[in-house]
Amino acid sequence: MAEILVKRASPIQRLSHWIHMVSFIILALTGLGLYARSFFGLTGLFGGVDMSRTIHHYTGIVFFATTFIIFFQWAQAITARGEDSLVDVVRSYLDHDFHAPAGKLNFGQKMFAWFAFFGGLVMGLTGFAMWFPFVLGRGLQQWMYFLHNAFFVGLMLFILVHLYLGTFGNPGSWRIMVSGTVTKAWAKAHHPKWDAEEV
Amino acid sequence: MAGKMILIDTTKCTGCRACQVACKQWNSLSAVATRNLGTHENPPDLAYNTYTKIIFSEVEKNGELAWYFGQHRCMHCEDAGCMKACPVPGAITRDANGAVVINQELCTGCKYCVFGCPFNVPRYDNKNAEGYGVDKAFKCTLCFDRLAMGEQPACTKTCPTGALFFTEKAKLPEIASSAAQRGLKVYDGGSLKTNVVFLLKGEPEEYGLPAKPAIPTPTFLWRTIMKPLGIAAMVAGIFGVIAHYSYVGPKDIEEGDGKGGKH
């Protein structure tokens, strides 16, 4: 079958996602260094704890900004009502012959998008609070550390699944990050409604 | 552990604040501008260069004035919130005497300990616009350096009335029973098991002490629950993904019949 390519992401969408991704990786590595005493050695990757934290702070700004940019780039697809459900998502993970009747984004991707947006928002706000800890007052500030930690774990789990499904789990998806295109077969299988209506 | 403790018999305290001065002197701590708070209390608060401060508390008891003297200082908890919060190996340690000490050589200035303390003790020396300040956390060290030489802490050494008394932690039950005979309450931080123990005539709050001291709930959830749970969840997530790839396999659209299947 000759490869027919379908456009799925614009250059600016891809660039935003790359910046978001690289900033997340830097944040995760510099952040893990202060997550637990057993991970403290990771701060050595960035030339010691002072530099590691400074990098974490300023990379955080980039991550926070791209969280909004990416959400609004995809807002229409994220908020569009689909015909697929959470059950479809779980089933399509386990059954290769089943394809959810998904639009441009399937139910799972929408869930991920909302969590990435809300999680990025919480990480950014709690992160600023940790950067300037004497602003909020003691009681509230103590919760900021807990929330930053809890949402970090949540984001790591979501991103782990996101990374897997975007690469090894669904071959062909990685092309979106590289060229912004997917094959017609990919579009038809993974996003049949989108393929039928918009492509 | 052959721990030590500072016993504070508040009934013997006269509010002379010699302990504050001795602390500043031994630890070479600079002076802080005083402020009139309407009491004899000064300096205004604990600071990176003020490790201890006498609390002057005026309370009404049965229609009469009671003047209580408390002390705001590091309590050297055996279950220390600052140590729980600290992310740097070795930056806050407890020695054999029970002294909880911040090592400023290792402190990275994250301020987690400042907010993890149940008694609001550690203070941060912020580098200001003129470049003064070292960006580290400070607090009472129980004069661990004096203890190492067989000396007692500067504050207990100097106390002229014996209100501050340095002794073996093992003597606490004995001291508690004699205090009970005198109608005094023993305040040892409850489950935190502080190595600074108060004998109080009134309620803890009347001495500026929390009635039920505990590691702050968010700090507990963060460091004791979420931290290990998070590591377990992330490791489980990685294995989960590997398991999916191994047992279910990728959903390969482009190979074969277009419906996918195991590769």
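Which residues in α2(A) are buried? Keep the question in mind as you read on, and remember that this is a predicted model.

## Helix α2 and its cover

The buried residues of α2(A) are V49(A), S52(A), R53(A), H57(A), T59(A), G60(A), F63(A), F64(A), T66(A), T67(A), I70(A) and F71(A). To find them in your viewer, look for the helix that spans residues 49–73 of chain A.

With its 25 residues, helix α2 of chain A reaches 35 Å from its first C-alpha to its last, close to the 36 Å expected at 1.5 Å a residue. And what lies over its buried residues? The cover of the buried residues of α2(A) includes α1 (11–32), α3 (75–79) and α5 (107–131) of chain A.

## The chain as a whole

Stepping back, you will find nine helices and two strands in chain A. Followed from the N terminus, the elements of chain A come in the order β-α-α-α-α-α-α-α-β-α-α. The C-alpha atoms of chain A fill a box of roughly 60 × 35 × 30 Å along the principal axes.

Of the 199 residues in chain A, 50% are buried. Among the contacts in chain A with a separation of 6 or more, 68% are between residues 24 or more positions apart.

## Surface and charge

Chain A has an accessible surface of about 10,000 Å², and carbon and sulfur atoms account for 72% of that surface. As for charge, chain A carries 14 positive and 10 negative charges, and their mean positions are 9 Å apart.

Definitions and conventions:
Residues are numbered from 1 along each chain as its sequence is written. Chains are lettered from A and ligands numbered from 1 in the order in which they are written. This is a predicted model: local features need pLDDT of at least 70, side-chain atom pairs count only at pLDDT 80 or more; totals for chains, interfaces and linings use all residues. Side-chain values use heavy atoms; hydrogens and water are left out. Helices (H or I, at least four residues) and strands (E, at least two) are DSSP runs, numbered from the N terminus. The expected span of a helix is 1.5 Å times one less than its number of residues. Buried means under 20% relative accessible area, exposed over 50%, partly exposed in between (1.4 Å probe, protein chains only). Contact means heavy atoms within 4.5 Å. Accessible areas come from the Shrake-Rupley method with a 1.4 Å probe; for residues, only the protein chains shown count as cover. Lys and Arg count as positive and Asp and Glu as negative; His and the chain ends are not counted. The place of a charge is taken as NZ of Lys, CZ of Arg, CG of Asp or CD of Glu.
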